Amino acid sequence: MKLYEFQGKRIFREYGIPVPRSSLITKAGETSEVKPPAVLKAQVLIGGRGKAGGVKMWNNEADLGPLCRDLLAMNIRGEAVRAVLVEERAEIVQELYMSITFRGSTATPVLMVSASGGMDIEKVAHETPEKIVTTTLNSLTGPSDYQVRYIAKRTGYGNARDLGKFVAALWAAFKGTDATLVEINPLAVTKNGLVALDSKVVLDNKAAYRHKELFARLDDEQRVLAGDAAEGYAEHTITYVPLDGTVGLISDGAGTGMLTLDLIKDAGGKAANFCEMGGFTSPQVIYDALTEVLQNPSIKSLLVVLIGGFNRMDEMAEGILKYREDHGLPVPAVIRMCGTLEDAGKEAMKKGGIPTHDGLLEAVKTAVALAEGE
Ligand code: GDP
Ligand code: MN
């Protein structure tokens, strides 16, 4: 399980690793307990956020709203930004890099530290790998004093005691949560010592049973953030391609949609469009798909093909009936429903006066016949 920065930092804090004071914002307009000068950081699971413009300096109190609005509207390499971490800004003297992970070839944890941390660490690893000091750790005892002294010397970071405390805390976090990766980049040297300015933490799913509460909480948080994303799904997940026929088509997956296009043709009809909902289930998704498809004036019948894998038929029925209530249906509708919560969906449709079909072929033929005016 890959964690968001704020989740990783909460674990860090619990293990005594210094992190900046912070608060989390999920909607533009929310206030922050942390005041400027601060840093606003888009929370995404993907790396390279800083370079993509996902880290902004917050200097004037009044700018919080607009800055958060910009960040929350961002899409970083395909990932929508759903939360912004507001952090007290640290004064960085130097940016280090530190991580603990497993090295597959020796099946041992390794500690990696570099005096050249920051956003170009990949370049450092590629061009000057000798600048990254790698030390094999003992799985049972963790980092030893001599290893810390060695790192302090090799990286030029003078304060071995401070470094030792930090490494010990990071090791405790790694071991204590059954992580497969804990990474801090940058690990900032400040006048108050070392501070973790970023976190990348991956937990071992196979160890979830040992950390039930922790996993449940992290999972809940990630679901909430994903749920926010589901509200903004429309522009990303509904695929709508206009065609020149008369049968309006909605399917709950691309494969079913393609198959149905062929079946419509075989039955002597022509599809007015291709429209699939992209694996999202909610009454709103089908409502929006109906809005999209039924705007086409050439449509003579509507064919909705649902195979209910991920999709819930009760929710589909709710969306269809709600659409009809709000706008009416301009053409006869043929709905084929099966799969998840099929009975509840069919029951609701029947109550609403739109009976459903079981067979795909039969549904297609009916829709084509209706479009041909038979
Ligand atoms: P990433 O690019 O997604 O890894 O984002 P980071 O959280 O690592 O931040 C990117 C860069 O922003 C860092 O390398 C720092 O240079 C800068 N930055 C982040 N936090 C602070 C801070 O508290 N103070 C200052 N001065 N710079 C920061
Ligand atoms: Mn970083």
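Domain 1 (21–88) and domain 2 (94–227) both contribute residues to the shell around ligand 1, so ligand 1 lies between the two domains. Before I go on, please keep in mind that this is a predicted model.

I'll start with the site. Ligand 1 sits in the largest pocket. Which elements give two or more residues to the shell around ligand 1? They are β2 (38–42), β3 (55–58) and β10 (179–190).

Next, the shell itself. There are 15 residues around ligand 1, and those that come nearest are Lys41, Arg49, Gly50, Ala90 and Glu95. Sorted by class, the shell has 8 nonpolar, 2 polar and 5 charged residues.

Now the contacts, with two from side chains. In the side chain of Glu95, an N or O atom is 2.6 Å from an oxygen atom of ligand 1. For Lys41, the corresponding distance, again from a side-chain N or O atom to a ligand oxygen, is 2.8 Å. Asn185 uses its backbone: one of its backbone N or O atoms lies 3.0 Å from an oxygen atom of ligand 1. As for cover, ligand 1 taken alone exposes 570 Å², and the protein buries 84% of that.

Some background first: most peptide bonds are trans, and most residues other than glycine have a negative phi.

Another cis peptide bond joins Pro36 and Pro37, with omega at about 5°. Pro37 belongs to the loop between β1 (22–25) and β2.

The last item is a phi angle. Is phi of Arg77 positive or negative? The value is positive, near 45°, and Arg77 is not a glycine. Arg77 sits in the loop between β4 (75–76) and β5 (79–80).

That is what I have.

Note on methods:
Residues are numbered from 1 along each chain as its sequence is written. Chains are lettered from A and ligands numbered from 1 in the order in which they are written. This is a predicted model: local features need pLDDT of at least 70, side-chain atom pairs count only at pLDDT 80 or more; totals for chains, interfaces and linings use all residues. Side-chain values use heavy atoms; hydrogens and water are left out. A residue is near a molecule or strand if one of its heavy atoms lies within 4 Å of it. A polar contact is a pair of N or O atoms within 3.5 Å; within protein, one must be able to donate a hydrogen and the other to accept it, and residues adjacent in sequence count only if both atoms are side-chain atoms. Accessible areas come from the Shrake-Rupley method with a 1.4 Å probe; for residues, only the protein chains shown count as cover. On a 1 Å grid over the protein atoms alone, a cavity is a set of points where a 1.4 Å probe fits but cannot get out, and a pocket is an open set with protein on both sides within 12 Å along at least five of seven lines; lining residues have an atom within 4 Å of a point. A molecule sits in a cavity or pocket if more than half of its atoms lie within 2 Å of its grid points. Helices (H or I, at least four residues) and strands (E, at least two) are DSSP runs, numbered from the N terminus. Ala, Val, Leu, Ile, Met, Phe, Trp, Tyr, Cys and Pro count as nonpolar, Asp, Glu, Lys and Arg as charged, and the others, Gly among them, as polar. Domain bounds come from an automatic or database domain assignment.
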